[in-house]
Amino acid sequence: MPRLLSPAQAWLFGRGVDLTVFAGSALVSVAFVLAAPWLGAVGDTPAWAWLLFVVGVDVAHVWSTLFRTYLDGEEVSRRPGLYVGAPLAAYVAGVFAYMASPGAFWSLFAYVALFHFIRQQYGWVALYDRKARASAFERRLDAAAVYAATLGPVVWWHANLPRGFWWFVENDFLSGLPAWAGTVALGAHAAVLTLWAGFQCLRIARGEGVQAGKVLLVAATWVAWFGGIVLARDDFAFTVMNVVLHGVPYFALLFRYARGRHAEGGFGDLGVLLRAGLPGFLLFLTVLALLEEGLWDVLVWHDSPVLFGDGGPVLEADVLALVVPLLALPQATHYVLDAFVWKAGKEPALLDRLGWSRTGQGPATVSQAHEVVAIPGGGE
């Protein structure tokens, strides 16, 4: 007898939230890219888009990890070694990388960030599989589909450098891969995704049903990565497709967790940020993101005088070796901590705070969504 999926297993957060943060993110990205000629956003990312997508989504989502970590005094006191050691280790590693050469620093950042972005998409699919108690074969096929949807375009990108965009800075990805390798990668990615789609159709034909949210997530992942890398021709298209699908679901995860923790009495007076609802939550994070980007511009980039002024100092190379890793520390710490703070097997209360039952159909763990150690989100 086929094992039927219950309606609750079709979605991770819930129908409305899943449609918004996964399918909605991809659709919004596509809409902005298609409207780029009318928005004056062809080529380099204009200031308004940089503020909206890079600052408001990418950098702000990094700061949202505060609600899982440093804003919760009880959490910090429970694992002080982690919360002191993570930023210290990230900073020391960053300084040594930058001292080797700025190029080495940014290449390292780019590749670890890429790894994080890919693993996060796999993590969401893994959570869906746990919720549905999927078979080992289906879990492996889902993982293959996510890796195909992401790595296929990435390998093609490396085989077709230079493009009209980079992950962080010019030449942060290594060139030299032959063009035929990109063609092979796209062929393999198409074959795997076709097999995955065929399996979903087979489930429907058998009357077993499919997880609608997971199907939309894999489809959104392919749209964002193929569209944002293979089809994209400029920095604006890459930025929009790159950061929205990565950042928006993370906002949903952290806001849900923070509300659950606040209901237990967490955050003290800082709970006012959550009582203000999602707008207050996002506004707080956006202010922090703007402050961070202001420091980057004044001390390092000097390319947004309209937003941050043009009176910043020009730092010597040895000073930059200390300053750049320090400015990158919020992002670096965010990704290091994500490898440790979402392991529900070691902290079952996580599931209650997220509203996912430990005994019902909720995921057995949330750790797989963020089992990575990476550096700042791409698209800047």
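Please keep in mind throughout that the model is predicted.

**The annotated segments**

Begin by selecting residues 21-41, 47-70, 140-159, 179-199, 211-230, 236-258 and 270-291, which an unreviewed UniProt entry annotates as "transmembrane region". Two of these stretches can be looked at in more detail. In residues 21-41 the chain is 86% helix and 0% strand, and the C-alpha atoms at its ends lie 24 Å apart. In residues 270-291 the chain is likewise 86% helix and 0% strand, while the end C-alpha atoms here are 19 Å apart.

**The nonpolar cores**

Next, select F13, F67, W124, L253, F281, W342 and W356, which touch the most other members of the largest nonpolar core, a set of 57 residues. If you now centre the view on F281 and set aside its neighbours within four places in sequence, you will find it in contact with S64, F67, F251, L254, F255, L273 and L274. Another core, of 37 residues, lies apart from the largest one, and it can be located by selecting F165, F173, L320 and V324, which are among its members.

**A buried aspartate**

Move on to D142, which belongs to helix α7, residues 136-159. Is this residue buried or exposed? D142 counts as buried because its relative accessibility is 0%, and the cut-off for that word is under 20%. To see what surrounds D142, select V125, D129, W196, Q200 and K214, with which it is in contact when neighbours within four places in sequence are left aside.

**A patch on the surface**

Now show the surface and select L88, V92, F96 and M99, which together form a nonpolar patch with about 440 Å² of accessible area. One of these residues, V92, sits in helix α5, residues 80-100, and it counts as partly exposed because its relative accessibility is 37%.

**A loop residue**

For the last stop, select V341, which is in the loop between α15 (329-338) and α16 (349-354). Although V341 is in a loop, it is buried, with a relative accessible area of 1%. Which residues is V341 in contact with, leaving aside its neighbours within four places in sequence? They are R68, T69, R79, L82, Y83 and L350.

Definitions and conventions: Residues numbered from 1 in each chain as written. Predicted model: local features only at pLDDT ≥ 70, side-chain atom pairs only at ≥ 80, totals over all residues. Heavy atoms only, no water. Helix = DSSP H or I, 4+ residues; strand = E, 2+ residues; numbered from the N terminus. Buried < 20%, exposed > 50% of the residue type's maximum accessible area, 1.4 Å probe, protein only. Contact = heavy atoms within 4.5 Å. Core = buried A, V, L, I, M, F, W, Y, C linked by side-chain atoms within 4.5 Å. UniProt positions renumbered as here; feature names shortened; annotations may be inferred. Patch = residues over 30% accessible without salt bridge, like charges linked within 9 Å, V, L, I, M, F, W, Y side chains within 5 Å. Areas by Shrake-Rupley, 256 points an atom, 1.4 Å probe, with all protein chains shown as cover. Salt bridge = Lys/Arg side-chain N within 4 Å of Asp/Glu carboxyl O.
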